[in-house]
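Visitor: Please show me how to read a few features of a structure, with the general idea beside each case.

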Amino acid sequence: MMFRKNLLAFSAILFFSGMVPAYAQQIAGSTAPPNKATVRPFQETVCDTTISDPYRYMEKLKDPEVTAWLKEQSTHARAILDGIPGRKTLLLKMQEFDSRKSAKVYNLAITDNDRYFYLKQTPSDETGKLYYRNGYTGTEILLFDPSSYNPKKEAHYTIGRIAPSDDGATVALTVYPDGSENATLLIVDTDSGKWYPEAINRCRFASPSWLPDGRSFLYNRLEPAGESGRQPQYASKVWLHRIGTDPSEDCEIFSSTLNTELGINPEDIPLASFDKESNTLFAFVSNVDRRLLVYYAPAAELQQKKISWKPLFRPEDDIHDFAVTNNELYIYTPKNAPGFRVLKTSLQNPDLKNAETVIPEFRDAKLTGFSLTSEGIYYKLSRNGVQEELYHQDYGSHLSSKITLPFKAGSISLSSKGFRFPEVWAVMTGWNRDYRRFRFDKTNRTFLDETLSSPAHYPEYEDLVVEELIVPSHDGVEMPLSLIYQKGLEKNGNNPVLLYGYGAYGKSMSPFFSPSMLLWTWKGGIFAVPHVRGGGEMGYRWHTSGMKTTKANTWKDAISGAEYLVKNGYSSPGRIAINGASAGGIMVGRAITERPDLFAAAIPQVGAMNPLRGETTANGPVNIPEFGTMKIPEECKALIAMDPYLHLRYNVNYPAALVTGGINDPRVIAWQPAKFAARMQAATASGKPVLLFTDFEAGHGMGNAKTKNFETLADVLSFGLWQTGHPEFQK
């Protein structure tokens, strides 16, 4: 297994001359906007810079004044969005797309004895239900419907993590209400359907890992709330739980308080995993840093009063993932290889400096992952982050063979049961290709289609054109730019563009298939993805050249992508909407504050719009490795430079904006988008609408019911098409 993946889981041209376009006035004038937020002057000096923060008071989300303003804004935004002509057509089309698949299957887990556990959603389901079957062709059995779990009658629950025991006899799973990620861990006997009495709360990062007896597991649990001044997710701990017992009796295994000798920061997240292949315990100290900090110990030490953890990887070793056999350690690293390579050393006596190179770095591609099987190593290469290839290599050999795929894949997700089993699966997709799951038969070198989701046909997208371009960014660095649009599109500067990006944590914007998102192209627009720095498309340095003090490259790359589209006749400034979520909010916010003339609309969703203040929130400290800290002067200045809220200037003709947040969001707290929207409403001189919609029944997007996801996307697409002048979306 690859450990990191299995543990954490975490547009005619309109220049802004002060005139309000007719299509921006019509709907906006139909509903009177609520009052702008109260301004309360506040200044402070941060790293020798005086900043103005007139909406600091909004950080008290439970203040009745703040709550009332958020609700007024949301009511207004809802009325405006619901009144956009064409929105309902998009929503109905999404529902019709959904009805074409009799079942969608996801979150698949396969045990050693070939039991399949997965979530399945039918057109009548709002969220996935847990099913299992014995083998791929086995009879499907419903194990758990989250709608039946209702300790709080007003809440809607979603299944999070699924963790079956090695033999599939028992399953630990998490459920959480209304997108809060405030998870409860439940345990069920598979064959009988009997639920064990314990329901363990505070399990946001649970990551259950079963021990060989199939009766006990390791898991992470947050500490109880209520201690004055303590962030709620600080000092979480790894516990050993035996099913059927009271969680208060669990044994503490790994934590900042138990293992003081290891110097674990209380804001970091401790996790532990048992590996049956090597009979070894691995303990992880986790945050957003992709460089692993790992300790290990023989599993027998679980019988000791305290485990004597030995260091396996330090951040300076630059290990990003690893896999093990019974005695070997395979390491995935960009150290001295920005495109990544795989090394091998002894597990019992690791020697990282002299580790053997098993898969070397490739000059023209990034090594994106590997899986161990009994028939050798399978690995993936990605070219520019938009085309993946699959290779096989025998153990002990340095010769690889390229595997011919069933179709050209934009991205591949690779999985196996481990080095003792021959099976390897590849889930493949592309911008215009639905997800397909295949098992590779090495003997016959053929792919067997084992897609669990039902097939569906989308004639709307049969003539899609995919252009994979390389364009110059602001500093001459070449950036991949993906364009998806209908055949026959004219480069007349009039095409609406949805510029969609992210740019953080080394996460690549690999090709994905979304019939609902592609509705932008169905309406004649261009779906454009600039693969901005901060992501991982072009290797490790692509990530590090878009984080902390180099973060400006992220939004400048997005700006360069938009400029390319204008220069080459694809679109024009009055036709471009820019969209991104979460950390992508920095990209959206800083692109429009730096170049407000270039965009017709900005749509940051649950966005990090005030990152300077992010460190003060519960989820802030674990993000320091990506964005920086106020405690280090150069990083503090970088935080100010990347902060969209702080860069809003008064009397500027800003584009229209739809800013969203979730009141239950534990990742980007709802006051970040709220403060940005409040300041933008006061600052803009364009007369274009600045809408704030805070969902009081949602969080960061995880756990949303299907209908809510459709409605959210319909808001994004219809708002963007309205503001970019599409005739079907004008009143």
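Guide: Helix α12 is mostly covered, with 14 of its 18 residues buried, where buried means under 20% relative accessible area, exposed means over 50%, and partly exposed lies in between (1.4 Å probe, protein chains only). This is a predicted model in which local features need pLDDT of at least 70 and side-chain atom pairs count only at pLDDT 80 or more, while totals for chains, interfaces and linings use all residues. Residues are numbered from 1 along each chain as its sequence is written, and side-chain values use heavy atoms, with hydrogens and water left out.

Visitor: What span is expected for helix α12, and what does the helix reach?

Guide: Helices (H or I, at least four residues) and strands (E, at least two) are DSSP runs, numbered from the N terminus, and the expected span of a helix is 1.5 Å times one less than its number of residues. Helix α12 (residues 706-723) reaches 26 Å from its first C-alpha to its last, close to the 26 Å expected. Just after α12, Gly725 has a positive phi of about 90 degrees.

Visitor: How many bridges join β12 to β13?

Guide: Strand β12 (residues 237-242) runs antiparallel to β13 and is joined to it by 4 bridges, with Glu252 in β13 as the bridge partner of Trp239.

Conventions: Pairing = 2+ DSSP bridges.
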